[in-house]
Amino acid sequence: MENLGALALILAFCLSIYAIAGSIIGKWKNKPFLVLSAERAVYSIWFLVATAVGILIHALVTGDFRLSYVAQNTNHAMPWYYKVAAWWGGQAGSLMLWAFVLSTYSAVVVYQNRRKFREMMPYVVTVLMVVQAFFLMLIAFVISPFNVLMQGKGIVDVGDGRGLNPLLQYWTMIIHPPILYMGYVGFVVPFAFAMASLITKQPGDDWIFTTRRWAIVTWFFQTTGVLLGAGWAYAVLGWGGYWGWDAVENASLLPWLTSTSFLHSVLMQEKKGMMKVWNMVLVSATFFLCIFGTTLTRTGLVSSVHAFAQSPIGVYFFTFLAVGIAATVYLILDRLDYLKSESHMESVISRESSFLFNNLILLASCFSILWGTLFPVISEAVTGEKISVDGPFFNRVNIPIGLFLLFLTGVGPLIAWRRSSIESLKKAFFWPVAVSLALVAGLMISGMRHPYALMSFGLCLFVTATVFGEFFKGAKAIRAKNGMNFIAATVELTHRNTRRYGGYLVHMGVVAMFIGFTGAAFNLDSTVEAAKGDSFKLGRYELKVRDISDSENADYVSRKAAIDIFVGEKQIDTLYPERRFYKASQQGTSEVAIRRQLNEDLYLNFAGANDPKKAVVQAYVFPLVSWIWIGFWILFAGTIVCLTPSKIRMQYARTEVVGIARNYAEIQK
Amino acid sequence: MRKFRNSLLLLVLAAVCLPQTATQLVTPEIRRVGDKLACKCGVCNNTVATCQMLECHYSLPARQKIATLQQQGRSDDTILASFVKESGISALSSPPAEGFNILGYLMPIIGIVAGLGAILLFLKKSKQYRIPATVPPLDNEMLARYKERIDKDMAKLE
């Protein structure tokens, strides 16, 4: 079977080369059958990669321990769903996941556009297949997941494997990598359309309109993937954090920041025909940062908890990045004449201007994270001395940036397109500013002194007030006209322009997340060594160790503590933090116990035991952390609303300069 | 018998591994110094104070060392210097702002300033296209085009 899998990958690689050649030659020589044949090759590639994936999963689930990949990532004791998840648990399998997701996306793109964009499609297919060929080359020839274990000239079946890293045996780890990859890989599609648009010198913005949904969906997958990783870190690693500024975490955030920037700046192009070059740069940057993230994980360039073992594929990635970036830069520079703005900024106090600042802040954050991640490597190359750039550096730079971004999130909806008068600004800003200042004053009176926390809470209320104001004003107008009740009017309003109001909901999700992040300023923790019957205090809680017990099953041995939680005299809960030792992988893990509440989480980690009758318990109180996960669900709802077609087809009444202004602009030129 | 022996062996192994974790007590004094030291376990990106990785081979002895030196009455700077002497400058959670490393702190600021400069340039360039406050009257053809557009947009809204 493994030969069939390897053959499928080699054939898929050959077909991807054929698809590239067929598309280019077919277009160049005007041979439609070649172009069509290349598009059909894309479907065949999906079938071949899916076949290889099916064979690998079969080997993982049935325990074919002749395969090196199977022996390294599974064992008999693992449940079947973790055996399936082992597909992306190792280097070769995760690259195969990349190839599979890309082949699926490519097939969908080809099918969706089988009768559209006939001018652009050959080049879209070419770009997609170049990326596809690169990943297929890696898994077909460099690090195949179908390599067998050999001893001398014979194939060896080792009987059982090492198993998946126990830390990865958690439900979010089953869906975190595929979802993150769906986000990463998805941005190949807008990039492919953007490049095709440049190659064919398209005069319009077809690529923007075509890929709008792709961009939103893939952005959502990126967001979900990043947050699932954060959720996993919080619930599994036992240190209670959800973000550690690890190099690979940072790498996953970089394309998210540029894609968020793109989603905002693309509105300027849709609405006003501006920022065309900038949008090309952003979509390209997002794509290359996705590849860069994959590179970081696999080259050992920076040390990371996520990194796979070092392998020879780093050089391939760097070559691909270098050639790809050079080609993209050349193409953009060569086509600058086709990317001229159709209109110009009319005022500094305008929605356009706020988008510019939004882009600046998002990219500043992206740059500072990239810089902080790579600075140890740069510094070592220059000075020869190793340095560490850890959480404190990233927090110092990114907390003020994040707060300013939150401020802009509130400002944007209050400023009109084209220009706003000072009077209208005063009117729009009065209530949001007044309520947020009142909140800050109230918090200060109640004793809060943390400056960033005060600013963050104030800004959260400011954004909330502006968003609610937008819904309120719109719904009020509809209610006045149609006589609907307020809720129906709000639904009607949202349905009329789903992208705008869905976008506001997404902003509210971000606000909820900021509330959760801000709670970290008030974390409490305590580490104690306690025997059965001992108790200790943390914040308003009293924790009493009721029992410490040992158990064993086929997979692991464990020690568990039963800890009763009291507030005052009343027992409110019992938590069971546990320590496990996995037999196959010889690794210890902690199964933390969390009491989740809206105001705070009580988080208990069984850290170890110096004495069999005692437990070392790390106890934490994390205020407001649940709002991060609530924020995700609001963001999810907002994205769904954005993707829902509007009741009224919003053909953007691009503020095209049809009259006097055009004459004036022409005179000025 | 073999199964029993294997189980026993594993239990012994686990019993040895489970207690490996030293007491992870972090006093406010240890936290104050530990926050300035990087955890060099190679897998996390935390400081010695914030690393909560199980059985961390770096942060646990480092905390112990901080506590010992504090008990000996050493100042924070002396303790930090002893870590730097032992492991080099990478022992610190952020490089000192001196020499080439100052660039590490300056670049994000330079990036923001450069971005602001680019925006200001863009805005300045856009200024020349500003529509004057008083404009010549529209000709009929233009007016008709405007009206047609407004009617179209209004029809869509209805």
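Which element of chain B has the lowest mean pLDDT, and which the highest? I am working from a predicted model, and in it helix 1 of chain B (residues 2–17) takes the lowest place with a mean of 50, while helix 4 of chain B (residues 76–87) takes the highest with 90. I then went along chain B by residue and noted that pLDDT is below 50 over residues 12–24, although the model still gives this stretch 33 contacts beyond near neighbours in sequence. For chain B as a whole I wrote down a mean pLDDT of 76, with 71% of the residues at 70 or more.

I looked up the corresponding values for chain A, which averages 86 and has 94% of its residues at a pLDDT of at least 70. In chain A I marked residues 655–669, where pLDDT stays under 50 and where the model has 27 contacts beyond four places in sequence.

Last, I checked for charges over rings, and in chain A I found A:Lys29 over the face of A:Trp28, at 4.6 Å from the ring centre. In chain B I noted B:Lys65, which lies over the face of B:Phe83 at 4.4 Å from the ring centre.

Methods:
Residues are numbered from 1 along each chain as its sequence is written. Chains are lettered from A and ligands numbered from 1 in the order in which they are written. This is a predicted model: local features need pLDDT of at least 70, side-chain atom pairs count only at pLDDT 80 or more; totals for chains, interfaces and linings use all residues. Side-chain values use heavy atoms; hydrogens and water are left out. A charge sits over a ring if NZ of Lys or CZ of Arg is within 6 Å of the ring centre and within 35 degrees of the ring normal. pLDDT is the predictor's confidence in each residue, from 0 to 100. Contact means heavy atoms within 4.5 Å. Helices (H or I, at least four residues) and strands (E, at least two) are DSSP runs, numbered from the N terminus.
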